[in-house]
Amino acid sequence: MTKRRSFSDKFKATVALEALRGDRTAPEIAAKHKVHSTQVTTWKRQAIDGLTGVFSDKVRRKRCFSL
C-alpha cells in the first residue's frame, strides 16, 4: 500500500497562486509540481474561498496592529 503524501501550506499556496494567475492550465501546473490536476483545482477553489476572510476581519486586524 502506498503512503499518502502531505504537502505544506506554503506549497499549496504556491500551486494555488499559480493556478489563479491563469498563465497555465491545471494539468500543466499539476505536471510541473507532480500532483493531480484535481488537487490543483481544489487548492485553487480553497484559496478563492479563503480570500474573503483576508478582507472581512477588519476589527481583528486593527487590534493586532495596535498592540
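Ring pairs link F7, F11 and W43 into a cluster, where rings of Phe, Tyr and Trp (its six-membered ring) pair if their centres lie within 6.5 Å, and planes under 30 degrees apart count as stacked, over 60 as edge-to-face and the rest as tilted. The model is predicted, so local features need pLDDT of at least 70 and side-chain atom pairs count only at pLDDT 80 or more, while totals for chains, interfaces and linings use all residues. Residues are numbered from 1 along each chain as its sequence is written, and side-chain values use heavy atoms, with hydrogens and water left out. The protein has 4 helices and 0 strands, helices being DSSP runs of H or I with at least four residues and strands runs of E with at least two, numbered from the N terminus.

**The aromatic cluster**

- By the ring rule, the count comes to 3 aromatic pairs.
- The ring centres of F7 and W43 are 5.4 Å apart and their planes stand at 75°, so this pair is edge-to-face.
- W43 is buried, with a relative accessible area of 5%, whereas F7 is partly exposed at 25%; buried means under 20% relative accessible area, exposed over 50%, and partly exposed in between (1.4 Å probe, protein chains only).
- F11 and W43 also form an edge-to-face pair, at 6.0 Å centre to centre and with 85° between the planes.
- Because F11 lies in helix α1 and W43 in helix α3, that pair ties together parts that are 32 residues apart in sequence.

**Helix α1 and its two sides**

- Helix α1 has V15, A16, E18 and A19 as buried residues.
- Seen down the axis of α1, these buried residues fall within an arc of 160° and so line one face of the helix, the arc being that of the directions from the helix axis to the C-beta atoms.
- On the other side of α1, D9, K10 and R21 are exposed.
- The cover over the buried residues of α1 includes α2 (26-33) and α3 (37-56).

**E18 within α1**

- E18 has its place in helix α1 (residues 9-21) and is buried, with a relative accessible area of 10%.
- The side chains of E18 and K32 are joined by a polar contact of 3.4 Å, that is, a pair of N or O atoms within 3.5 Å; within protein, one must be able to donate a hydrogen and the other to accept it, and residues adjacent in sequence count only if both atoms are side-chain atoms.
- Leaving aside residues up to four places away in sequence, E18 touches R24, I29, K32 and H33, contact meaning heavy atoms within 4.5 Å.
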